[in-house]
Amino acid sequence: MPCSIVDELSDPKITRILHLFLRRKDELFHLQKISQEAKVPLTTTHALMKKLIALDFIAFMTVGKFKLYRLAGNKKTKELERLLNHGN
């Protein structure tokens, strides 16, 4: 049975991470910065970022030995933005 976007994101830690990306759509974030600003433990942030990448909410690029993350620009994130009222 398919899950809705809201079902996939019911964890409050995921929601805090996504709010961070939605507020600052054009920024690139290092994992540690995401962890600090979303107030989610670093190990948990790493696991959640892997999940969000797999769900196509987050995109990443590798620069040297660092991964930088940003909000994916697709229909899924636009709908998410609408649902979480960031499109005002």
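A residue counts as buried when its relative accessible area is under 20%, as exposed when over 50%, and as partly exposed in between (1.4 Å probe, protein chains only). By that rule F21 is buried, at 0%. This is a predicted model, where local features need pLDDT of at least 70, side-chain atom pairs count only at pLDDT 80 or more, and totals for chains, interfaces and linings use all residues. Residues are numbered from 1 along each chain as its sequence is written, and side-chain values use heavy atoms, leaving out hydrogens and water.

**Aromatic rings**
- You'll find 2 aromatic pairs here. Rings of Phe, Tyr and Trp (its six-membered ring) pair if their centres lie within 6.5 Å, and planes under 30 degrees apart are stacked, over 60 edge-to-face, the rest tilted.
- F21 and F29 have ring centres 5.0 Å apart and planes at 70°, so they sit edge-to-face.
- F29 is buried, with a relative accessible area of 1%.
- F60 and Y69 make a tilted pair, 6.3 Å centre to centre with 45° between the planes.
- F60 is partly exposed at 39%, while Y69 is buried at 4%.

**Two packed helices**
- Helices (H or I, at least four residues) and strands (E, at least two) are DSSP runs, numbered from the N terminus.
- Helix α3 (residues 31–38) packs against helix α4 (residues 42–54) at about 110°, their axes 9 Å apart. Axes are lines fitted to C-alpha atoms, for helices over the stretch in contact, and angles run from 0 to 180 degrees between N-to-C directions.
- L31, Q32, I34 and S35 in α3 meet L42, T45, H46 and M49 in α4, where contact means heavy atoms within 4.5 Å.
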